Amino acid sequence: MESLGLIREFLQDRLGVAPDLVVSDAQLDTLGVDSLMMLELMFEFEDRFGITLSKDLKSPQTVGEMVALMDQLRSEQS
Amino acid sequence: MSQRRVAITGLGLISPYGGDLPDFFARLLAGESAVHFLRTDDIPRPLTIPFVSSPNFDVDGVLGRPLASTMDRFAQLGTAAAFAAWADAGLTRGQPAENRENWGVAWGTALGGTLAYEKGYRELWQKGRERVSPLSVILGMNNAANAHISIQLGLGGVSMSHTVACASSAIAIGEAFRRVRSGEAPVMLTGGSDAPQAYGVARAWEALRVMATGDETTSPQACRPFSADRNGLVLGEGGAALVLEDWDHALARGATILAEMVGYGTSCDHSHLVRPEATGQERALNAALADGGLCIADVDYVNAHGTATAEGDPVEVAALKLVFGEQAGRLAVSATKSMHGHLLGAAGAIEAIVTVMALREQSIPPTAHLQEIEPACLGVDHVTSARRDVPVRAALSNSFAFGGSNAVLAFRAVAR
């Protein structure tokens with residue numbers, strides 16, 4: 001699964017956000033991702049993609065930033 | 001500060017029958033059981049127990065998916081019940097016109113977010129994973145329900161949880177009552193919730209050998225308090241909430257006053273963890289009567305703790321006879337756990353609601369399935385098989401917990 005697909009699936013399941021609203025420039029907080037839900041989302045990435053996120057990782061602001069960050073980490077840690 | 005009168009202005013619950021509050025009480029009056037047979041898909045040994053669920057509870061519909069995602073089941077049940085009580089009281093959520101910085105929440109839960117913890121255990125030990133969801137702590141914490149309720153209703157006063165086994169929400173209601181009566185808080189949202197269907201929790205209760213048995217056919221009649229053939233309690237999940245309000249505050253905003261809460265008594269048996277003592281319960285009963293300015297002749301109904309255990313039922317009747325003496329024989333008593341089950345941390349709250357409704361409707365629900373009264377439980381006027389429409393001026397609700405903690409709540413009827 002691609003990073004964008006995972007974010008869409010997660011947000012639909014946990015927050016009831018329609019997938020078509022999860023686009024690159026959408027703000028994550030506007031979609032309902034608060035600090036707790038960000039932790040849960042990052043946990044999901046670690047779980048599903050087998051990557052490790054450092055504790056001091058700066059939280060991305062938009063869906064596009066999240067996708068870019070996760071793609072980069074997947075590439076580095078593959 | 002002079003003591004304030006305490007009005008009950010809102011009731012709310014997640015009904016084990018799946019309907020609203022009037023439907024819930026009508027079914028109790030009719031002696032209808034909400035108990036069903038539960039078979040889980042746990043491997044290798046599923047749970048196969050009589051149980052009480054919350055059918056038709058539309059979690060996402062009531063709470064919304066984002067909020068519900070941050071809650072364990074007990075907090076979902078509790079918050080939804082609180083919303084229902086709030087609406088029943090005619091109070092609004094969000095952007096209130098008046099300052100609510102000293103309104104508070106007192107909540108009871110025996111177990112807290114047990115399902116969240118159990119999910120974590122399964123992840124770690126069953127699936128061999130190294131870690132659990134980051135939300136586990138906030139899902140599992142015992143004060144999750146009252147915290148969510150305070151946040152959602154915008155209440156800035158005390159927000160506290162009480163964990164006193166089966167007396168948890170009775171204690172919560174009593175402590176809320178004291179806050180309103182003292183003038184500290186004009187409004188308190190109180191009640192309790194629990195979800196004891198966690199596999200390990202249900203197995204632990206089974207191990208105590210106090211659980212009723214039953215199958216698809218017999219489960220609805222499995223809980224028979226005071227009956228000669230009783231064989232134990234029936235667990236259930238649920239949430240129940242009440243709005244307690246300063247009497248003058250309620251009148252000033254034109255609220256409907258459903259009943260008056262007048263007294264609260266507590267005690268500890270200080271003798272044994274699971275074997276109750278009549279003298280300990282007697283102290284709590286007398287304390288509630290004294291606190292409420294009631295004499296025994298004022299009380300027309302007692303909603304019993306009545307769990308249908310071999311140990312508990314005779315001791316409760318003995319305590320009532322100690323307190324009511326020669327008047328015990330005319331004292332109407334029923335144990336509605338026979339129909340809505342034992343909701344643990346929500347038990348005191350759902351039974352307080354039943355008691356208030358009995359005062360409101362001037363009608364007492366029966367102890368269901370009570371055919372032959374256990375000889376040791378004789379001596380009070382058991383309401384059996386059918387509703388009893390009689391004047392009910394004042395009533396008590398008993399909650400007697402493992403650990404020997406006792407709580408009794410006292411209510412008075414108000415003219416409609």
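The model is predicted.

Chain A contains three helices and zero strands, and its elements follow the pattern α-α-α when read along the sequence. The C-alpha trace of chain A spans about 30 × 25 × 20 Å along its principal axes. A compact globule of 78 residues would have a radius of gyration near 12 Å, and the 11 Å found for chain A agrees with this expectation. Of the 78 residues in the chain, 21% count as buried. Among the contacts in chain A with a separation of 6 or more, 55% are accounted for by residues 24 or more positions apart.

One helix pair of chain A was examined in detail. Helix α1 of chain A (residues 3-15) packs with helix α3 of chain A (residues 63-77) at an angle of about 125 degrees, and the two axes are 9 Å apart. On the side of α1(A), the contact involves A:Ser3, A:Leu4 and A:Ile7, which meet A:Val63, A:Met66, A:Val67, A:Met70 and A:Asp71 in α3(A). By class, the contact of α1(A) with α3(A) comprises six nonpolar residues, one polar residue and one charged residue.

The contact between the two chains takes eight residues from chain A and nine residues from chain B. On the side of chain B that touches chain A, four residues are nonpolar, three are polar and two are charged.

Within chain B, helices α11 and α12 form a further packed pair. Helix α11(B) (residues 278-291) packs with helix α12 of chain B (residues 312-324) at an angle of about 50 degrees, with the axes 8 Å apart. That angle makes α11(B) oblique to α12(B), and the crossing of α11(B) and α12(B) is right-handed. From α11(B), the contact is made by B:Ala278, B:Gln281, B:Glu282, B:Leu285 and B:Asn286, and from α12(B) by B:Val315, B:Glu316, B:Ala318, B:Ala319, B:Leu322 and B:Val323. The residues in the contact of α11(B) with α12(B) divide into seven nonpolar, two polar and two charged.

Backbone geometry in the loops of chain B was also considered. Most residues other than glycine have a negative phi, and most peptide bonds are trans. The peptide bond from B:Ile43 to B:Pro44, however, is cis, with omega near 10 degrees. B:Pro44 lies in the loop between β2 (36-39) and β3 (48-51) of chain B. A positive phi, near 45 degrees, is found at B:His270, a residue other than glycine. B:His270 is located in the loop that links β8 (259-268) to α11 (278-291) of chain B, and it counts as exposed because it has 10 C-beta neighbours inside 10 Å. B:Ser385, likewise a residue other than glycine, has a positive phi near 65 degrees. The loop between β11 (381-382) and β12 (394-400) of chain B holds B:Ser385. With 12 C-beta neighbours inside 10 Å, B:Ser385 counts as exposed, since the exposed class covers residues with 12 or fewer.

Methods:
Residues are numbered from 1 along each chain as its sequence is written. Chains are lettered from A and ligands numbered from 1 in the order in which they are written. This is a predicted model: local features need pLDDT of at least 70, side-chain atom pairs count only at pLDDT 80 or more; totals for chains, interfaces and linings use all residues. Helices (H or I, at least four residues) and strands (E, at least two) are DSSP runs, numbered from the N terminus. The radius of gyration is taken over C-alpha atoms; the globule rule is 2.2 Å times the number of residues to the power 0.38. A residue is buried if 20 or more other C-beta atoms lie within 10 Å of its own, exposed if 12 or fewer, and partly exposed in between; C-beta atoms are placed from the backbone. Two residues are in contact if their C-beta atoms, placed from the backbone, lie within 7 Å. Axes are lines fitted to C-alpha atoms, for helices over the stretch in contact, and angles run from 0 to 180 degrees between N-to-C directions. Ala, Val, Leu, Ile, Met, Phe, Trp, Tyr, Cys and Pro count as nonpolar, Asp, Glu, Lys and Arg as charged, and the others, Gly among them, as polar. Angles under 35 degrees count as roughly parallel, over 145 as roughly antiparallel, 65 to 115 as roughly perpendicular and the rest as oblique. A crossing is left-handed if the near helix is turned anticlockwise from the far one by less than a right angle, and right-handed if clockwise.
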